[in-house]
Amino acid sequence: MVATTIVNPLREGLRLARTPEPSTIVIFGGSGDLTQRKLMPALYNLALQRLLPGSFSIVGSARQPLTDDQYRAELHDAVGEHSRTKPLNEEVWKTFAEHLFFVPTPDDHGYDALRERLDHLDVELGTNANRLFYLATPPGSYAAIVKAIGVHGLRGRTGWARIVVEKPFGRDRQSARELTETIHQVFREDEVFRIDHYLGKETVQNILVMRFANGIFEPIWNRQYVDHVQITAAETIGVEERAGYYEQAGAMRDIVQNHLLQLLALVAMEPPAAFDDKAVRDEKVKVLRALRAIRAEDLPDHAVRGQYTHGFIEGVAVPGYREEPGIAKDSRTETYVALKGFVDNWRWEGTPFYMRTGKRLPKRTTEIAIQFRVAPHQLFSREASAGLDPNALVLRIQPDEGVSLKFGAKVPVQGIRIRSVNMDFDYGASFMVDAPDAYETLILDALRGDATLFTRRDEVDQQWAFVDPIIAAWAASPEPPYFYEAGSWGPPEADALIEQDGREWRKA
Ligand SMILES: NC(=O)c1ccc[n+]([C@@H]2O[C@H](COP(=O)([O-])OP(=O)(O)OC[C@H]3O[C@@H](n4cnc5c(N)ncnc54)[C@H](OP(=O)(O)O)[C@@H]3O)[C@@H](O)[C@H]2O)c1
């Protein structure tokens, strides 16, 4: 499985290779953490790779006043610190910064000033009134900003307009629908780009390439050959500075509703008729619709929630969730979720999809394991096969991106002894290039108008439809989440969830 070519197929043929048209990107929340750590470093790296159009401008906006020069100075330091390429190329930065502006929008006058600045930049820089709006503010401000875009005529009179919306998209099905309705008063659905940054990761896109560019996987990618699927998104970090947000969200809203269900959709979907936004998203939404709702009476056997207590991560003592700053002493927010799901369709009937995510787990890893059925006839003795695990194809999303296939091999001794071995494909070693950051891929796609890697309203709607009843049942339950020690793989009840089916979690 070791590839020798250094041509990355994800960049070479599959994605549209068009350069974006002249345009302006307007970032609301332009002074925030996301902008400093992710968006600006991504835009700078796109500039470094000459992937931005010649006529381009970036206008940051927030309520606080900043001059263009103050803004540029702030971002110079932020990009220097957070860019994936170091050190900062001062020459490229200088040109990049000349296209960088700031307009405060504390009130209506601010939005009028923003419109005037955008109109002026169109003339000065030739950006043709093509505008990409990016909502990078706290989600409570999304609706007001979208309305202001409409009321103050921020869409150009000519040119295209699109809007990128950061996660979380709503906090339940109803609020997500309301937000979509509000956005649709100003933008058509094909102008709305809802970000799930997992979809921008190279290895997530590689799920589609693996499955649909190769002939060998698809024939066995179904209930006849697959025993079950395990999707794991494990973090070692705790709640960090996000207490206010996380207390309200929990692992279900933060990770399961979006990232895990999108991974499940990509793994389980039927082959799309084309590699374009409509066909790919049509197939994903079919999977999400086929995802069986977990009924209240089935909840204990299908869903487990946990919360970390103090423990050790890599030998360092860490506090429990309830001891973290900003967290209620009796908080019932889940920091861990394990689920058993079923996709009720022809391909997957009866095949469990086990999912788990958690904070303060022993290892940072995101992976999808397709575990195959055992050989139908055991030719070798039980003793000889003692070291044999079931065959598994593991798609590693992060870190150490790659794919490995686990199968049994003969141990080189006299007689037959079998042990499981791995055949490995390692992304870094095979392509010898740094993968672009997910935000680079997604911003570039949004500028090009390619929505394939963004979630459509019906996908988001189905995702909430699956998680809402579980969240509601947990909220109504008098029981708190199960506790697990920081540095462990979650509560024992999560092990029981899979072990009751005669299976076990992979040692990720
Ligand atoms: N940080 C991350 O790593 C991360 C990751 C994934 C998703 N997100 C999402 O990205 C969004 C931003 O997160 P963040 O961590 O960057 O938050 P943050 O650090 O608190 O920054 C918020 C930014 O929004 C501005 N702002 C607030 N209200 C505004 C309004 N009404 N109009 C214009 N600007 C306004 C703030 O500046 P003023 O106070 O001066 O207005 C600030 O620039 C959130 O929705 C978050 O869920 C963040």
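**Reading a parallel sheet and its surroundings**

Modeller: Six strands make up an open sheet, ordered S3-S2-S1-S4-S5-S6, with parallel pairing. Keep in mind that this is a predicted model.

Colleague: How do strands of a sheet pair, and which strands stand at the edges here?

Modeller: In general, strands of a sheet pair through backbone hydrogen bonds, and the pairing is either parallel or antiparallel. Here the edges are taken by strand S3 (100–102) and strand S6 (192–194). Each has a single partner strand, so one side of each is left without a neighbour in the sheet. From one strand to the next, the twist averages 20°.

Colleague: How many bridges join S2 to S3, and which residue stands opposite Ile58?

Modeller: Strand S2 (residues 56–61) and S3 run parallel and are joined by three bridges. Opposite Ile58 stands Leu100 in S3.

Colleague: Which helix packs on the sheet?

Modeller: Helix H6 (residues 142–151) does, touching strand S1 (23–28), strand S4 (131–135) and strand S5 (161–165). The direction of H6 makes about 160° with that of S4.

Colleague: Take Val103 next. Where does Val103 lie, and is Val103 buried or exposed?

Modeller: A residue counts as buried when its relative accessible area is under 20%. Val103 has 5% relative accessibility, so Val103 counts as buried. Val103 lies in the loop between S3 and helix H5 (108–125). Not counting residues up to four places away in sequence, Val103 touches Val59, Gly60, Ser61, Ala62, Gly110, Ala113, Leu114 and Arg117. Between Val103 and Arg115 there are twelve residues of sequence separation and 9.7 Å in space, C-alpha to C-alpha.

Colleague: At what angle do helices H2 and H3 cross?

Modeller: Angles of 65 to 115 degrees count as roughly perpendicular. The axes of helix H2 (residues 33–48) and helix H3 (residues 68–82) cross at roughly 85° and come within 9 Å. H2 is therefore roughly perpendicular to H3. By class, seven nonpolar, three polar and two charged residues make up the contact of H2 with H3. Among the H2 residues are Met40, Pro41 and Tyr44; H3 residues include Tyr71, Leu75 and Val79.

Colleague: What about Glu283: buried or exposed?

Modeller: The relative accessibility of Glu283 is 11%, so Glu283 counts as buried. Glu283 is in helix H10 (residues 277–290). Apart from neighbours within four places in sequence, Glu283 is in contact with Met269, Glu270, Pro271 and Pro272.

Colleague: How is the chain divided into domains?

Modeller: Domain 1 covers 22–159, and domain 2 covers 199–433 + 456–499. Taken over C-alpha atoms, the centres of domain 1 and domain 2 are separated by 36 Å.

Methods. Residues numbered from 1 in each chain as written. Predicted model: local features only at pLDDT ≥ 70, side-chain atom pairs only at ≥ 80, totals over all residues. Heavy atoms only, no water. Axes fitted to C-alpha atoms, helices over the stretch in contact; angles between N-to-C directions. Helix = DSSP H or I, 4+ residues; strand = E, 2+ residues; numbered from the N terminus. Parallel < 35°, antiparallel > 145°, perpendicular 65-115°, else oblique. Contact = heavy atoms within 4.5 Å. Nonpolar A, V, L, I, M, F, W, Y, C, P; charged D, E, K, R; others polar. Domains from an automatic or database assignment. Buried < 20%, exposed > 50% of the residue type's maximum accessible area, 1.4 Å probe, protein only. Pairing = 2+ DSSP bridges.
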